[in-house]
Amino acid sequence: MIIDVHTHVGEGKTGLNSLKMLESMKKHGVTKSLVFPLKSQRDVFEHSLELRDLHQDLLPVLRCNPKVIDRNILVRVLDDFVAIKLHPRGEDFDPLDEQLSWFFKILSEKSKPIIIHTRKEGLSSTDPERLLTLAKRYPKIPFVFGHFAGDSDEFFSRMQACDNVYVETSIVSSPFIIKLRAKQVGADRIMFGSDVPFSDHQIEILKVLKSELTQEEKNLILHGNAIRVFNLKI
């Protein structure tokens with residue numbers, strides 16, 4: 001079983017519609033995928049609402065901008081989604097802005113998981129080490145740091161003190177890096193993510209399969225952790 005916690009559906013040259021996503025999943029043995037919108041000309045919140053009506057193997061994730069989303073609307077639709085996707089660079093906000101604390105308090109009350117874009121890209125708003133502060137503020141929220149948190153040494157050394165922080169494997173990881181970090185923080189803190197269509201299911205899956213971890217550890221990464229953290233009914 002494979003559960004992919006990082007995929008995008010959308011339009012345009014880099015887009016992948018839901019039918020093509022399902023075709024790729026079937027071809028490569030992916031059981032279910034968490035899906036959220038691409039950044040495009042469309043409003044990501046409105047596009048997220050449409051994801052609720054997709055195939056049962058495509059699990060909808062709400063991508064939104066905390067600066068502009070209406071509080072009452074957020075509360076009304078939150079239970080329709082398995083998680084929240086935040087992209088501080090794409091939506092241009094700072095997750096540590098105190099004016100956004102209401103947003104995270106609502107998610108904390110629901111213990112709603114957050115998948116957050118993190119990379120070392122010259123921005124404080126996406127810096128994985130800095131964003132550990134956010135996870136410490138809201139210990140009831142499971143945070144899944146995207147793109148393996150940039151494989152930052154400092155991040156992984158500090159991550160161990162934050163029980164609510166996980167990473168997903170897309171783009172930045174490799175078989176060697178996955179094994180190294182699993183031994184450092186535990187395979188139970190790592191999830192499989194592909195970032196399709198920006199990467200490829202087969203390539204990203206092979207990185208886990210060739211990581212030289214035990215089968216039990218690989219199973220945690222490929223599906224076990226996602227089932228537990230996102231409370232999935234499989």
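Q: Where is Asn 65 found?
A: Asn 65 lies in the loop between β3 (58-63) and α3 (71-77); helices (H or I, at least four residues) and strands (E, at least two) are DSSP runs, numbered from the N terminus. The model is predicted, with local features needing pLDDT of at least 70 and side-chain atom pairs counting only at pLDDT 80 or more, while totals for chains, interfaces and linings use all residues. Residues are numbered from 1 along each chain as its sequence is written, and side-chain values use heavy atoms, leaving out hydrogens and water.

Q: Why does Asn 65 count as buried?
A: Buried means under 20% relative accessible area, exposed over 50%, and partly exposed in between (1.4 Å probe, protein chains only). Asn 65 has 13% relative accessibility and therefore counts as buried.

Q: Which residues is Asn 65 in contact with, leaving aside its neighbours within four places in sequence?
A: Contact means heavy atoms within 4.5 Å; on that basis the residues are Glu 91 and Phe 93.

Q: Why is Trp 102 called buried?
A: Trp 102 has 16% relative accessibility, so this residue counts as buried. Trp 102 is placed in helix α5 (residues 101-110).

Q: What makes Pro 66 a contact of Trp 102 beyond the neighbours within four places in sequence?
A: Pro 66 is 36 residues from Trp 102 along the chain, with 9.2 Å between their C-alpha atoms. Contact is judged on heavy atoms, and Trp 102 is in contact with Pro 66, as well as with Ile 69, Arg 71 and Leu 74.
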